[in-house]
Amino acid sequence: MSHLQSLTGHTVLVTGASGGIGAAIVERLSAEGARPVIHYGRDRERAQALLGKLGGNGLIVQADLSRPDGAFALWRDALAAAGRIHAVVNNAGIRSEISIDADPADWRAVWQKEFQVNFFAAADLCKEALVHFKQEGGGRIINMASRAGQRGYAADAMPYGATKAALINLTKSIARSFGRDGVVAVSIAPGWVRTDMAEEFVARHGKDAAVGDIPIGEMAEPAEIAELVAFLLRPSQVSVNGATFDVNGGSYIR
């Protein structure tokens with residue numbers, strides 16, 4: 001991969017970078033010449049181990065995106081450390097379960113936290129990035145959405161699907177509104193990806209519950225998502241602006 005070097009000189013902020021998909025994205029971006037800004041929420045050791053794998057090519061920034069000011073603090077610290085940010089990958093996300101039979105306070109708390117982490121934090125980072133990109137001559141935003149945001153989701157995880165649908169719509173608004181400013185915004189909508197979140201689901205419900213409706217019969221690998229992210233960040237890819245890339249093995253309509 002190192003021979004590609006198509007992103008040399010680009011600094012890319014990746015949220016949730018210590019997790020499975022985020023770490024794969026960071027490794028791929030580094031291999032293509034970019035300097036990743038590795039965001040983590042709690043697991044500093046994993047973030048430092050990831051930076052070690054990159055031979056120190058990158059920066060680490062901590063921020064709690066569940067806090068209302070978390071994304072603004074992240075942007076401020078990342079920009080101070082990096083000087084110029086060329087792209088943002090909003091990858092951080094949580095998935096909670098709550099039943100319609102739940103207590104109203106519990107129901108509301110889950111919805112609010114899920115929207116805070118999955119959508120509001122991403123929207124806040126987009127806001128800050130757009131101001132920066134307009135001043136600096138452009139930039140890229142990649143928002144990690146989900147198949148769930150397009151086809152709806154399971155009864156006990158409706159907040160997750162709703163946050164991802166909002167993220168797709170935000171991406172399209174940015175693409176329409178800021179394309180002339182040199183901004184390219186894209187959504188990626190995976191189905192199941194082989195991560196800790198997926199493995200926990202399989203352990204509880206069995207593999208067929210996850211892949212039974214995926215025509216190719218397998219989850220995506222984090223490296224597949226990472227390769228797509230790197231491709232979408234290439235300077236040559238401009239007309240992808242506003243697109244949603246389905247990475248779900250053909251299960252979108254099922």
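1. S30 counts as buried because its relative accessibility is 14% (buried means under 20% relative accessible area, exposed over 50%, partly exposed in between, with a 1.4 Å probe and protein chains only). S30 lies in helix 1. Beyond residues up to four places away in sequence, S30 touches P36, L54 and N57 (contact means heavy atoms within 4.5 Å).

2. The model is predicted, with local features needing pLDDT of at least 70 and side-chain atom pairs counting only at pLDDT 80 or more, while totals for chains, interfaces and linings use all residues. Residues are numbered from 1 along each chain as its sequence is written, and side-chain values use heavy atoms, without hydrogens and water.

3. Helix 1 (residues 20-31) packs against helix 9 (residues 222-232) at about 50 degrees, and their axes are 8 Å apart. The two helices are therefore oblique to each other (angles under 35 degrees count as roughly parallel, over 145 as roughly antiparallel, 65 to 115 as roughly perpendicular, the rest as oblique).

4. On the helix 1 side, G20, I21, A24, I25, R28 and L29 take part; they meet P222, A223, I225, A226, E227, V229 and A230 in helix 9. By class, this contact has ten nonpolar, one polar and two charged residues.

5. The largest nonpolar core has 35 residues, of which I25, L29 and V229 touch the most other members (a nonpolar core is a set of buried Ala, Val, Leu, Ile, Met, Phe, Trp, Tyr and Cys residues joined through side-chain atoms within 4.5 Å). Elements supplying at least two residues each include helix 1, helix 9 and strand 6 (183-190).

Definitions and conventions. Axes fitted to C-alpha atoms, helices over the stretch in contact; angles between N-to-C directions. Helix = DSSP H or I, 4+ residues; strand = E, 2+ residues; numbered from the N terminus. Nonpolar A, V, L, I, M, F, W, Y, C, P; charged D, E, K, R; others polar.
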